[in-house]
Amino acid sequence: MNNTILRYVGLTDPNFKFIVNSDGEYNRYEHRGRDHHKALITHATLESDIMRCPDCGFLEHVTKYGYTDDIEIYLPTTNGYDNRLIVKKQRFHCDNCNTKFNAKSHDLLDNSKFSRPLVNQIIAMSQDDISQKSIARALRVSTSSVHRVINSDQTYYYDFQRQLPSVLCFDEVRTSAHNMSFVYADGEAHQLIEILPDRLSKNIKEHQRTLFRLLSSESSTSRICHHRFKCELRPICPWFIS
């Protein structure tokens, strides 16, 4: 029964013990959010064997210390319904250093109400041609939460075989929501290289430090062109990362 519920709610950790009422039901409908939409609520406890203390590392001084208060976790949607898990986590107490800590699960994220399966669902949907607002509406979460999850998962891939252009043009441009972005291009080939989401100096330096870290500052020179200044020839790497 417990494994069946695990598969239904999209979890894999067998340490979740679901609470079944006298009628044999393990979930029920409740209203959530400002729009009072229907949400499918499942109750469970997160059990665990005695764990080592994360502070002092002792095992023999750790004892079980009851359960946490109810923690509401967002799960992947089921048949279009907002699906949530209300869980009580096993607590532990270390008599050696007086530290209290909770049981952990690979299905849950630290300091987050989003379950790992829900995060995976957001990432999977973002790979299709679906806007963040549509993903948020479908999964019954906020658009800012979807944006945060996608940004935290992003990975940059760079082609380090690419050489610096001999003429590098850069400028600041106004993009969406009246934000200012940093743009630079190949001045000879007239091709755009990259548009950065902002014009903060630390982000520009970090981007160029990662992208051109394999290039030698002694041998790499480029002509820097800006619409406010004259072009000049200088070593490119020190200009970006100094």
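Reader: At roughly what angle do the axes of helix 2 and helix 4 cross?
Author: This is a predicted model. In this model the axes of helix 2 and helix 4 come within 10 Å. Helix 2 and helix 4 are therefore roughly perpendicular to each other, a class that covers 65 to 115 degrees. The crossing is at roughly 85 degrees.

Reader: How many nonpolar residues does the contact of helix 2 with helix 4 have?
Author: Helix 2 brings Val119, Ile122, Ile123 and Ser126 to the contact, and helix 4 brings Val146, Val149, Ile150 and Asp153. By class, one residue of this contact is polar and one is charged. The count of nonpolar residues is six.

Reader: Is helix 2 oblique or roughly perpendicular to helix 3?
Author: The axes of helix 2 (residues 116-126) and helix 3 come within 10 Å and cross at roughly 140 degrees. Angles over 145 degrees would count as roughly antiparallel, and 65 to 115 as roughly perpendicular. The angle therefore makes helix 2, relative to helix 3, oblique.

Reader: Which residues of helix 3 meet helix 2?
Author: The crossing of these two helices, helix 2 and helix 3, is right-handed. From helix 2, the residues in the contact are Leu118, Gln121, Ile122, Met125 and Ser126. By class, the contact of helix 2 with helix 3 holds six nonpolar, two polar and no charged residues. On the helix 3 side, the residues are Ile135, Ala138 and Leu139.

Reader: How far apart are the axes of helix 3 and helix 4?
Author: Helix 3 spans residues 132-139 and helix 4 spans residues 143-153. They pack at an angle of about 115 degrees, which means that helix 3 is roughly perpendicular to helix 4. Their axes are 8 Å apart.

Reader: Which residues of helix 4 make the contact with helix 3?
Author: Helix 3 passes helix 4 in a right-handed crossing. Helix 3 contributes Gln132, Lys133, Ile135 and Ala136 to the contact. By class, the contact of helix 3 with helix 4 has four nonpolar, three polar and one charged residues.

Reader: What is the value of phi near which Arg140 sits?
Author: Arg140 lies in the loop between helix 3 and helix 4. At 33% relative accessibility, Arg140 counts as partly exposed. Most residues other than glycine have a negative phi. For Arg140, phi is positive, near 60 degrees.

Reader: What percentage of the residues of the protein count as buried?
Author: The protein has six helices and twelve strands. Burial here requires a relative accessible area under 20%. Of the 242 residues, the share that counts as buried is 37%.

Reader: Among contacts between residues at least 6 apart in sequence, what percentage join residues at least 24 apart?
Author: The contacts counted here are those within the protein between residues at least 6 apart in sequence. Of these, the share joining residues at least 24 apart is 50%.

Note on methods
Residues numbered from 1 in each chain as written. Predicted model: local features only at pLDDT ≥ 70, side-chain atom pairs only at ≥ 80, totals over all residues. Heavy atoms only, no water. Axes fitted to C-alpha atoms, helices over the stretch in contact; angles between N-to-C directions. Helix = DSSP H or I, 4+ residues; strand = E, 2+ residues; numbered from the N terminus. Parallel < 35°, antiparallel > 145°, perpendicular 65-115°, else oblique. Left-handed = near helix turned anticlockwise from the far one by under 90°. Contact = heavy atoms within 4.5 Å. Nonpolar A, V, L, I, M, F, W, Y, C, P; charged D, E, K, R; others polar. Buried < 20%, exposed > 50% of the residue type's maximum accessible area, 1.4 Å probe, protein only.
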